[in-house]
Amino acid sequence: MTALLEIKDLVTAFHTAEGRLPAVDGVSLSIERGQTLGLVGESGCGKSVTAMSTLRLIASPGRIESGSILFTTEGESIDLVSASEKQLRNVRGGRIGMIFQEPMTSLNPVFTIGDQIAEVVQLHRRVTRSEARTRALEMLHLVRVADPEQRLDAYPHQLSGGMRQRVMIAIALACEPELIIADEPTTALDVTIQAQILDLLGDLRSRLGTAVLLITHDLGVVAETCDSVAVMYAGKIVEQASAAELFRHPLHPYTIGLLQSRPDLDNRDSGPLATIHGMVPPPQDFPSGCRFHPRCSYATLPQCSSEVPLLREVIPGHFVRCHFAEEINL
Ligand SMILES: Nc1ncnc2c1ncn2[C@@H]1O[C@H](COP(=O)(O)OP(=O)(O)OP(=O)(O)O)[C@@H](O)[C@H]1O
Ligand SMILES: [Mg+2]
């Protein structure tokens, strides 16, 4: 069966005074119906640019230079890279829901919560105003907003951060999308609220069968919520596997470093990368060869700094972009 979303060789670059900056540089990812894919990596590795590209929300000076993004529902595929604005409006908020980090910037401060949920429903469904309002109320119930009848007429500033994020989830789910793209949906919230929101997302996902692209830098969140994981570094996917496999058996030195950098993990078996030094290079400073090699303690081969490693299937279903993957697998 074809995947719900299949991103192939996506390249998105910003054209600035510093030249061409390929923030996403040949990314391929696929999400199956009803599955949750975690996209992880440190700040600046290209996660949000990948998400925004998928929704064709990249603004100048950025543009998608090549690749395809096939979205297949009801047996029909559209390539979001070449789709018309009209097709995209139908997809965004309708068949693909979006949840971003800071709900305050996505909610309109001058309209009530009820009107904003109803608006999305009316945009994508043939319903009357009162049916849309009924749907809005239903959605507030679904995302467990307390006193939903009263909250319908509240304005965004009258709600807490956690409540606003629930409203964003209500908007994202109002039209029963097949896919939700959630970019750091809980990062701006405090820890207990984070857990509640993730719980809610997981519960809704299993009840409604919605697939999720979950972008986060929190590996703990991925371990708890995702079926599969893609690890991104400097514009490229460096490792991809099922979540169970990736956490049990990480093979890319970057992934190993990320896992060992988690404060809650037992570090007794720590290898050469107890923590990762330095930072993700920006596109203007991408190193030659393997982009991780300047930070990698396994990088002793001359080819690490000269040859770009391919993403290889080292174990069935487990893909790694490292010249040393077989040695690490021993
Ligand atoms: N509008 C822009 N103009 C130029 N460069 C940009 C622009 N937006 C993003 N970039 C660059 O693209 C790269 C990837 O950024 P992106 O926002 O996708 O990172 P991220 O993985 O989402 O990080 P974070 O975890 O901090 O959200 C970064 O080097 C960033 O500086
Ligand atoms: Mg981001």
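This is a predicted model: local features need pLDDT of at least 70, side-chain atom pairs count only at pLDDT 80 or more; totals for chains, interfaces and linings use all residues.
Q: Into which domains is the protein divided?
A: There are two entries in the division: domain 1 spans 5-226, and domain 2 spans 252-328. Their C-alpha centres lie 30 Å apart.

Q: How many residues of domain 1 are in contact with domain 2?
A: Eleven residues of domain 1 are in contact with eight residues of domain 2. On the domain 1 side, β2 (19-31) and α9 (219-225) each supply at least two residues. The largest share, four residues, comes from β2.

Q: And how do the residues on that side of domain 1 divide by type?
A: Five are nonpolar, four are polar and two are charged.

Q: Which residues does L213 touch?
A: Leaving aside residues up to four places away in sequence, L213 touches I31, L37, L39, A51, L179, I181 and A182.

Q: What is the strand order of the open sheet?
A: Eight strands form the sheet in the order β6-β7-β8-β3-β9-β10-β12-β11, with mixed pairing. The edge strands, each pairing on one side only, are β6 (96-99) and β11 (312-315). From one strand to the next, the twist averages 20°.

Q: What about β9 and β10: how many bridges join them?
A: Six bridges join strand β9 (residues 228-233) to β10, and the two run antiparallel. Within this pair, M232 stands opposite I237 of β10. The two strands form a hairpin with two residues between them, and A234 in the turn has a positive phi of about 45°.

Q: With which residue in β12 does Q240 stand opposite?
A: Q240 stands opposite F319 in β12. Strand β12 (residues 318-320) pairs with β10 in the antiparallel sense over two bridges.

Q: Why is β10 described as largely enclosed?
A: Six of the seven residues of strand β10 (residues 236-242) are buried, so the rest of the structure largely encloses this strand. The cut-off for buried is 20 or more other C-beta atoms within 10 Å.

Q: Changing topic to the backbone, where is the cis peptide bond?
A: The bond from S60 to P61 is cis, with omega near 10°. P61 is found in the loop between α1 (47-54) and β4 (62-73). For context, most peptide bonds are trans, and most residues other than glycine have a negative phi.

Q: What is the phi of E74?
A: Phi of E74 is near 50°, a positive value in a residue other than glycine. E74 sits in the loop between β4 and β5 (76-79). E74 is exposed, because 6 other C-beta atoms lie within 10 Å.

Q: And where is E184 placed?
A: E184 is in the loop between β7 (179-183) and α8 (191-208). Its phi is positive, about 50°, although E184 is not a glycine. E184 counts as partly exposed because it has 19 C-beta neighbours inside 10 Å.

Definitions and conventions:
Residues are numbered from 1 along each chain as its sequence is written. Chains are lettered from A and ligands numbered from 1 in the order in which they are written. Two residues are in contact if their C-beta atoms, placed from the backbone, lie within 7 Å. A residue is buried if 20 or more other C-beta atoms lie within 10 Å of its own, exposed if 12 or fewer, and partly exposed in between; C-beta atoms are placed from the backbone. Two strands pair if DSSP finds at least two bridges between them. Axes are lines fitted to C-alpha atoms, for helices over the stretch in contact, and angles run from 0 to 180 degrees between N-to-C directions. Domain bounds come from an automatic or database domain assignment. Ala, Val, Leu, Ile, Met, Phe, Trp, Tyr, Cys and Pro count as nonpolar, Asp, Glu, Lys and Arg as charged, and the others, Gly among them, as polar.
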